[in-house]
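Hi everyone, thanks for coming. Please have a look at the structure on the screen, and then we'll walk through a few parts of it together.

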Amino acid sequence: MLKRCFDICLAIVGLLLLAPLFVLIALSIKLDSPGPVFFRQQRVGRYGKLFDIYKFRTMTVAAPSAAGLQLTVAGDARITTVGAFLRRSKLDELAQLFDVLRGTMSFVGPRPEVPRYVEHYPPQWRDRLLSVRPGITDFASVRYRDESDLLAQTSDPEREYIETILPIKLQYALRYVDAPSLSTDLRVIGLTLRTVFVPNLSMPRSFDFMNNPKLWAWLDQAMSALRPSNRRVAVLVDALLILACWHITYLFRLGFERWQPGRPWYDDYVSFGVVVVYLLCMLFAGVPRSPWRFFAFDDFRRIVVASLAAGLISAVAILLAQLVGVWRAVLVLHPFFCIFALAGTRMVYRLVWEQARARTSGESYEPRRAIVLGAGYAARRLMTSLHGHDGWTVLALLDDDPAKQELRIAGVRVQGKLPDLCLPHILAGATHVILAMPGLGAEQREGLVLMARQTGLIVMTVSAQMGLSEETNDAAQQKFEDGSADQRGVKDLFRNS
């Protein structure tokens, strides 16, 4: 029920905000080629029921599909000029907001397939896979964002899809179906947005200063410094953001012409009172305790709880005081503006800090970002010596112990169990996998090393003597005394531990 409410609210907001973009896309499609704006195709939905999925049309209407395929590969002659752009930017999928609103789809869930490919689902998986609403995006969509390009490189695209791509997609789908949660949905949405809207573009000449090493070194030092005034500055920035959101909400509701005339004379006093209420709620929720550079989902959850509680308390107080000049729409919308502003500011701060840390690490300014397997004593010592030193950043910890889930070590959260290492949101941005479980038996250790190698990242292990070594492909350990680029600066970390 909570997931459905989340889908409805997000779909309504998305349709309202994207309405101008929808009009622009529709006009571009009509001007580019004859035919309808939307493309509809029959897909298999929840419990095996068939439904029509909506997409913005990206192909010509009259042209038949090649060899009866229900797949589209890169370079297909049927794709229109506008359609190629829509496919590349994934804007054609936005029409599925209508499917979410009418209940046939969700924002996050296994992608719906045509009946032809659902027939290839393993019988023992079929009921589980079809027990949830299909989604606009999922982990498999992120991994296979360039699916059409991959299929275009094969002689038999359909066979490649059925035998290679589809089984991996189904494994991702099963992981989601077996452990659904709102936090997972938010991770998938965030990973999808980052994949779609942060392409690798060349930097304009006007931004050449961004390559200045001195700038990044200064940012790294300034943002990592632990000063007694940090918390006071953070509270002041939060107060200014909350106050700004109050005025932005008025501006959003009344427009520029009525923004000032539409506010009562006492509104400024009310806004300062609202800021105080928000700061107190954030204090009780523990928001100021977390450094911005370690902003994570737990911090986002605390901001949401504090903002909604503060918004409710403020609204009740204003209504009881009979301050009828304050617009009711402002009281309703202000908490949501605050959530986006407070969380967005912290997210940007963390991204900038990570970039600065990566730029100033090592001689080549290449980031070294690790996922640590294990959250026990060895992992704690490793985090103390490794995280934040010589360009190393630990992105996540994984451990099978249920008591350690959501635990934080040196500001880094245990984000799941060991098999979750293959999930895209865990692997995103990582360069190394470190096995910090020296007490394992040889067979268990080799199994985890093999699983880690399958990620394609550099695999390292922590020995019982707290030494760090790299696992090569032939299973021999290459010690750090060779001084290679990825190992330099790490070999002395444990000498004085």
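Which residues are buried in H12? Before I answer, a word on the model: it is predicted, so local features need pLDDT of at least 70, side-chain atom pairs count only at pLDDT 80 or more, and totals for chains, interfaces and linings use all residues. Residues are numbered from 1 along each chain as its sequence is written, and side-chain values use heavy atoms, with hydrogens and water left out.

Now, buried means under 20% relative accessible area, exposed over 50%, and partly exposed in between, with a 1.4 Å probe and protein chains only. Helices here are DSSP runs of H or I with at least four residues, numbered from the N terminus. In H12, the buried ones are Asp267, Val270, Ser271, Val274, Val275, Tyr278, Cys281 and Met282. They sit on the same side of H12, because their arc around the axis is only 145 degrees; that arc is taken from the directions from the helix axis to the C-beta atoms. Tyr269, Leu283 and Phe284, on the other side of H12, are exposed. Just after H12 comes glycine 286, with a positive phi of about 80 degrees.

Let's move to the cores. A nonpolar core is a set of buried Ala, Val, Leu, Ile, Met, Phe, Trp, Tyr and Cys residues joined through side-chain atoms within 4.5 Å. The largest has 43 residues, and among those touching the most other members are Ile29, Phe56 and Leu421. H1 gives the largest share of this core, seven residues. A second, separate core has 29 residues, including Leu243 and Phe295.

Finally, leucine 16 is in helix H1, and it counts as exposed because its relative accessibility is 63%.

Technical notes: Helices (H or I, at least four residues) and strands (E, at least two) are DSSP runs, numbered from the N terminus.
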